[in-house]
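Thanks for coming. I will go through one model today, and I will keep to what can be computed from the atoms.

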Amino acid sequence: KIPVILDCDPGHDDSFAIILSSFSSRIDLKAIITEGGNQTIQKTTQNALKTLTVIGKQNIPVIQGQDFPLMIKERVCPEIHGETGLDGTEFPPVEVSPVNVKDGKVIQKGVVFLAEFIEKQEKPITLVCTARLTNIALLFTLYPELTKKIQQVVLLAGAIGSGNITPVSEFNILGDPHAAKILFDLGEEDLKIVMVPLEVSHTVLVTEQIFERIRKETENSKFGKLCENLLRFFQKTYATVFMMEDPPLHDPVAVQYVVNPSIFQEKRLRVDIECCSPLSFGQTVVDIYQSTQKPKNVHVCFKVEVEKFWDSMINAIVLGK
Ligand code: BDR
Ligand code: CA
């Protein structure tokens, strides 16, 4: 099994990334570290714990990560994910705390806890990041030697063309572009970075056929219903904000890359992060035609076999019931 640490901001689609990585037979989910983003860090951390509780995986440690981006003000997203960050359904009460929090107080910085945790692992770790990249940028800045213990970093982030928050910027990169720049620059050396951009996640849509499959294959279980409620909420907000009838289930697509990279088309290219221009702040500038001659730093995905993704995702939901 592939040892994975998931860095996320649940968030509806992040919750499905947790479900997929918890039940994939190819993944050993070692820990989750949280970021703010879809909601505040306190809420996303609770949502990670809620998701693990409902699937009976409370034993997976949750580390509460950095509160805020490195240099800019935080942006949260209640218009898509609601006030809790995971609106649309009721969860059972949570009885566990993040491993670095006691009586509601952070007793060790998440990034420091993460560094010690990775240091102790025998096998190289795959990091899957489905939120802004603040924790990871700090991790490799403070502990550069740890890149040697990383197999690869797989991101749900960025866009080759159009963004989803500004015309060119995607939410996770725009949330902390300076952090993204720190990480992407490390891809020039021996750190493997994989970027699953919006062009790929926007092909993974929760259609009515998918709702139907979930209902059928979970045999209308309580957990199947909970998943459906979450996805219905997501569908409603996506329709209002983006005028998309079927919402894209972004984050688990990055997990799927770890499970089965052969169903992705990818190319190693130069990708830079725009951190200055007011017009294109947070853009992932992808040098498709290699016009800059700068060293390549990122494996950019262009396509995924959507059916195969859904087979894995629905299988995980069935196992979650
Ligand atoms: C990304 O933004 C977040 O709202 C989602 O959880 C996903 O990680 C898509 O742009
Ligand atoms: Ca996310």
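**Loops, sheet, helices and ligand shell**

I begin with Asn220, which counts as exposed because it has 12 C-beta neighbours inside 10 Å. The cut-offs, with C-beta atoms placed from the backbone, are these: a residue is buried if 20 or more other C-beta atoms lie within 10 Å of its own, exposed if 12 or fewer, and partly exposed in between. Before going on: this is a predicted model, in which local features need pLDDT of at least 70 and side-chain atom pairs count only at pLDDT 80 or more, while totals for chains, interfaces and linings use all residues. Residues are numbered from 1 along each chain as its sequence is written, and chains are lettered from A and ligands numbered from 1 in the order in which they are written.

Back to Asn220. Its phi is near 55°, a positive value in a residue other than glycine. Asn220 sits in the loop between α9 (208-217) and α10 (222-242). On naming, helices (H or I, at least four residues) and strands (E, at least two) are DSSP runs, numbered from the N terminus.

Asp103 also has a positive phi, about 45°, and is not a glycine. Asp103 belongs to the loop between β4 (101-102) and β5 (105-106). With 6 C-beta neighbours inside 10 Å, Asp103 is classed as exposed.

Next, the sheet. In what order do the strands of the open sheet run? The order is β3-β2-β1-β6-β7-β8-β12-β9, which makes 8 strands with mixed pairing. Two strands pair if DSSP finds at least two bridges between them. At the edges are β3 (62-63) and β9 (264-269), each of which pairs on one side only.

Take β6, residues 125-129. Is this strand mostly covered or mostly open? It is mostly covered, with 5 of its 5 residues buried. From β6, Ile125, Leu127 and Cys129 point one way, and Thr126 and Val128 point the other way. On one side, β1 and β6 run parallel and are joined by 4 bridges; there, Asp7 has Cys129 as its bridge partner. β6 also pairs with β7, in the parallel sense, over 5 bridges. In that pairing, Ile125 is opposite Ile150.

From β7 (residues 150-156) we go to β8 (residues 193-196). These two pair in the parallel sense over 4 bridges, and Val154 is opposite Val194. β8 then pairs with β12 (residues 298-304), again in the parallel sense, over 2 bridges. Here Met195 is opposite Val300. As for the side chains of β8, Ile193 and Met195 point one way, Val194 and Val196 point the other way, and all are buried.

Now the helices. Two packed helices are described by the angle between their axes and the distance between the axes. The axes are lines fitted to C-alpha atoms, for helices over the stretch in contact, and angles run from 0 to 180 degrees between N-to-C directions.

α1 and α2 (residues 41-54) pack at an angle of about 40°, with axes 10 Å apart. That makes α1 oblique to α2; angles under 35 degrees count as roughly parallel, over 145 as roughly antiparallel, 65 to 115 as roughly perpendicular and the rest as oblique. The crossing of α1 and α2 is right-handed. A crossing is left-handed if the near helix is turned anticlockwise from the far one by less than a right angle, and right-handed if clockwise.

For α5 (residues 134-142) and α7 (residues 177-186), the axes come within 8 Å and cross at roughly 55°. α5 and α7 are therefore oblique to each other, and their crossing is left-handed.

Last, the ligand. Which of the 15 residues around ligand 1 come nearest? They are Gly11, Asp13, Thr130, Phe171 and His250. A residue is near a molecule if its C-beta atom, placed from the backbone, lies within 6 Å of it. α1 (12-23) and α6 (171-174) each supply at least two residues of the shell. By class, the shell has 5 nonpolar, 6 polar and 4 charged residues. Here Ala, Val, Leu, Ile, Met, Phe, Trp, Tyr, Cys and Pro count as nonpolar, Asp, Glu, Lys and Arg as charged, and the others, Gly among them, as polar.

One backbone detail about Gly11 remains. The peptide bond from Pro10 to Gly11 is cis, with omega near -10°. Gly11 lies in the loop between β1 (2-8) and α1.
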